[in-house]
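Good morning, everyone, and thank you for coming.

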Amino acid sequence: MSDASYLSLEKLTLAYGDSVAVANLDLTIKKGELIALLGPSGCGKTTTMRAIAGLLAVKSGHVRLDGADITRVPANKRAVGLMFQSYALFPHLSVYENVAFGLKLKGMRGPELDAKVQSGLKSVGLSNFANRRPAELSGGQQQRVALARSMVMEPKVLLLDEPLSNLDARLRLEMRTELQRVQKATGVTMIFVTHDQAEALALADRIVVMKSGKIEQIGSPEDIYNRPTSSFVADFVGFENIFPLENGKMKTGAGLVDLSGSLSSEAPSAAGLAWRPRMVTLGTGPFQGTVRGTSFAGDSREYLLDSPLGPIKAEVEASQPAHALGAGLSFDLPAEKAAPLSRFV
Ligand SMILES: Nc1ncnc2c1ncn2[C@@H]1O[C@H](COP(=O)(O)OP(=O)(O)OP(=O)(O)O)[C@@H](O)[C@H]1O
Ligand SMILES: [Mg+2]
């Protein structure tokens with residue numbers, strides 16, 4: 001084992017009865033990495049986490065952690081921590097006792113226990129809340145107790161399954177930063193499941209995008225955001241204008257269409273092209289559309305255009321003059337801005 005393959009999933013297949021939820025999944029995670037698992041509902045994120053934690057029997061394949069094959073090791077012997085969306089603290093125990101609970105189960109007592117709990121509480125900024133009950137804390141503070149409770153167990157890997165999804169937007173942001181800070185300070189390897197792509201982009205060292213029980217793309221946040229390799233990932237991360245390519249032409253509602261401008265060097269062999277709404281030029285260009293919808297989004301304004309190519313989503317600075325519903329507009333999908341997709345799925 002090297003630190004580069006601290007946790008590896010090898011040809012992992014997971015099923016509920018006869019129904020396969022995750023198929024032949026390969027994934028290698030470095031020590032200290034923060035990985036985000038991203039993908040639509042039902043794609044197998046929780047199932048994958050359950051198998052790593054030992055809560056779901058593996059149908060075939062292997063889970064290796066820190067040099068050992070743990071595929072058949074019981075959950076409580078794996079040194080894998082878990083924090084789920086419902087992180088259920090014990091309501092009748094103080095914050096201190098909640099954090100101490102797992103350590104006591106392991107037989108820890110006295111000054112050693114106290115030092116661990118104190119340092120856990122300190123790491124999440126809750127030293128002054130040790131005697132409160134969970135009901136006397138805010139949602140974010142409860143979340144931090146849950147994080148401290150997991151961290152004091154010194155897991156080799158900490159799995160977080162949508163831990164922030166029942167917090168309001170502001171607390172979510174705060175906790176996101178907190179998680180990242182604790183992770184960097186302790187160096188714990190983390191796998192984080194989220195529905196929220198902004199959260200994945202902000203937090204992760206690498207993002208794993210899953211679809212139907214398989215990995216669709218693995219990459220840095222920059223890769224996933226700027227260089228999606230398939231139409232599925234492009235769509236998932238907000239490229240709303242996606243067309244297949246055929247012989248260097250766009251396949252559209254109006255048949256094969258020449259692109260304006262020239263493609264980047266890797267693009268001519270691509271299977272498709274994708275543009276974010278912000279990459280669409282509005283007001284000039286070779287194509288014609290009609291405004292079907294418009295919405296104001298603070299700094300920007302979004303337009304939905306009907307066009308012979310198909311529906312087009314464009315976004316422009318809100319300071320630009322607004323276009324009315326029904327207005328005819330020229331637009332362009334500039335070839336040089338397009339993200340080339342190697343797979344159209
Ligand atoms: N206990 C179960 N019994 C049978 N099928 C299940 C069970 N749990 C999950 N599944 C199925 O396995 C597939 C993957 O589910 P999983 O919970 O891993 O999805 P997910 O990616 O975590 O989705 P979400 O984002 O909604 O949490 C789905 O088709 C789901 O219906
Ligand atoms: Mg899930």
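How many nonpolar, polar and charged residues does the shell around ligand 1 have, by class? The shell has 4 nonpolar, 6 polar and 2 charged residues, where Ala, Val, Leu, Ile, Met, Phe, Trp, Tyr, Cys and Pro count as nonpolar, Asp, Glu, Lys and Arg as charged, and the others, Gly among them, as polar.

Before I go further, please keep in mind that this is a predicted model, in which local features need pLDDT of at least 70 and side-chain atom pairs count only at pLDDT 80 or more, while totals for chains, interfaces and linings use all residues. Residues are numbered from 1 along each chain as its sequence is written, chains are lettered from A and ligands numbered from 1 in the order in which they are written, and side-chain values use heavy atoms, with hydrogens and water left out.

Let me stay with ligand 1. The residues around ligand 1, meaning those with a heavy atom within 4 Å of it, include Tyr-16, Pro-40, Lys-45, Glu-162 and His-195. Helix α1, residues 45-53, gives the most to this shell, with 3 residues; helices here are DSSP runs of H or I with at least four residues, strands are runs of E with at least two, and both are numbered from the N terminus.

Now to the polar contacts, which are pairs of N or O atoms within 3.5 Å; within protein, one must be able to donate a hydrogen and the other to accept it, and residues adjacent in sequence count only if both atoms are side-chain atoms. Ser-41 places a polar side-chain atom 2.5 Å from an oxygen atom of ligand 1. With Gly-42, a backbone N or O atom lies 2.8 Å from an oxygen atom of the ligand, and with Cys-43 the corresponding distance, again from a backbone N or O atom, is 3.3 Å. Taken alone, ligand 1 exposes 630 Å², and the protein buries 57% of that, with areas from the Shrake-Rupley method and a 1.4 Å probe, where for residues only the protein chains shown count as cover.

Finally, a word on the domains, whose bounds come from an automatic or database domain assignment. That assignment gives domain 1 as 3-226 and domain 2 as 241-341, and 40 Å separate their centres, taken over C-alpha atoms.
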